[in-house]
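Please keep the sequence and the 3D view at hand while reading.

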Amino acid sequence: MKTIEEITGLQNAIIMQSQRDSLRSELQAKSRFNQFDKEWEEKTNLLKRLDQLFNLHCELCGLKLSKFGRLI
C-alpha cells in the first residue's frame with residue numbers, strides 16, 4: 001500500500017512531466033519557424049532547470065524513469 005508521501009510525490013512528478021512536455025513542444029514549434037529570440041533562450045534555460053528538478057524529484061521519491069526520462 002502506498003503512503004500519502006509516495007502518492008503526492010507521484011502526482012507532483014506527473015505535473016512536472018506535463019510542464020516539461022508543454023515547454024518542450026513550445027520550443028520545438030518556435031525552432032521550426034526560426035524564432036530564436038531572447039524568450040527562446042530563457043525558455044531553453046528554464047527547460048534545462050526543469051529537467052534537473054524533475055530528475056532530482058524522481059530520485060528523491062524513488063520513482064523509476066525510462067531510458068528516455070519518462071515516468072514508468
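A nonpolar core is a set of buried Ala, Val, Leu, Ile, Met, Phe, Trp, Tyr and Cys residues joined through side-chain atoms within 4.5 Å. Buried here means under 20% relative accessible area. The model is predicted. Its largest nonpolar core has six residues, namely Ala 13, Met 16, Leu 50, Phe 54, Cys 58 and Leu 71. Helices α1 and α2 each supply at least two residues of this core, and α2 gives the most, with three residues. In soluble globular proteins, nonpolar side chains tend to be buried together.

Leaving aside neighbours within four places in sequence, Leu 71 is in contact with Leu 10, Ala 13, Ile 14, Gln 17, Phe 54, Cys 58, Leu 63, Lys 64 and Leu 65.

The helices come next. Helix α1 covers residues 4-32, which is 29 residues. The buried residues of α1 are Gly 9, Ala 13, Met 16, Gln 17, Arg 20, Leu 23, Leu 27 and Lys 30, and they pack against α2.

Helix α2 takes up residues 38-61. Its 24 residues should span 34 Å at 1.5 Å a residue, and this agrees with the 34 Å between its end C-alpha atoms. In α2, the buried residues are Lys 43, Thr 44, Leu 47, Leu 50, Asp 51, Phe 54, His 57 and Cys 58. They in turn pack against α1.

Lys 43 is part of helix α2 and has a relative accessibility of 19%, so it counts as buried. Apart from neighbours within four places in sequence, Lys 43 is in contact with Leu 23, Glu 26 and Leu 27. His 57 is also in α2. With a relative accessible area of 17%, His 57 is buried. Beyond its neighbours within four places in sequence, His 57 is in contact with Gly 9, Asn 12, Ala 13 and Met 16. The C-alpha atoms of His 57 and Asp 21 are separated by 16 Å, and these residues are 36 residues apart along the chain.

On the other helix, Arg 24 lies in α1. Its relative accessible area is 28%, so Arg 24 is partly exposed. Leaving aside neighbours within four places in sequence, Arg 24 is in contact with Leu 47 and Asp 51. The side chains of Arg 24 and Asp 51 are joined by a polar contact of 3.0 Å. Arg 24 and Lys 43 are 19 residues apart in sequence, with 8.9 Å between their C-alpha atoms.

What of the stretch between the helices? Asn 34 is found in the loop between α1 and α2. At 60% relative accessibility, Asn 34 counts as exposed. Just after α1, Asn 34 takes a positive phi of about 55°, although it is not a glycine. Most residues other than glycine have a negative phi. A positive phi also follows the other helix: after α2 comes Gly 62, with a phi near 75°.

The structure holds one aromatic pair. Phe 36 and Trp 40 form this pair, which is edge-to-face, with 4.8 Å centre to centre and 90° between the planes. Phe 36 has a relative accessibility of 48% and therefore counts as partly exposed. Trp 40, at 23% relative accessibility, counts as partly exposed too.

The cysteines remain. A search of the whole structure finds zero disulfides. Cys 58 is in no disulfide, and the nearest cysteine sulfur, that of Cys 61, is 7.2 Å away. Cys 58, at 1% relative accessibility, counts as buried, whereas Cys 61 is partly exposed, with a relative accessible area of 31%.

Definitions and conventions
Residues are numbered from 1 along each chain as its sequence is written. This is a predicted model: local features need pLDDT of at least 70, side-chain atom pairs count only at pLDDT 80 or more; totals for chains, interfaces and linings use all residues. Side-chain values use heavy atoms; hydrogens and water are left out. Helices (H or I, at least four residues) and strands (E, at least two) are DSSP runs, numbered from the N terminus. Buried means under 20% relative accessible area, exposed over 50%, partly exposed in between (1.4 Å probe, protein chains only). Contact means heavy atoms within 4.5 Å. The expected span of a helix is 1.5 Å times one less than its number of residues. A disulfide is a pair of cysteine sulfur atoms within 2.5 Å. Rings of Phe, Tyr and Trp (its six-membered ring) pair if their centres lie within 6.5 Å; planes under 30 degrees apart count as stacked, over 60 as edge-to-face and the rest as tilted. A polar contact is a pair of N or O atoms within 3.5 Å; within protein, one must be able to donate a hydrogen and the other to accept it, and residues adjacent in sequence count only if both atoms are side-chain atoms.
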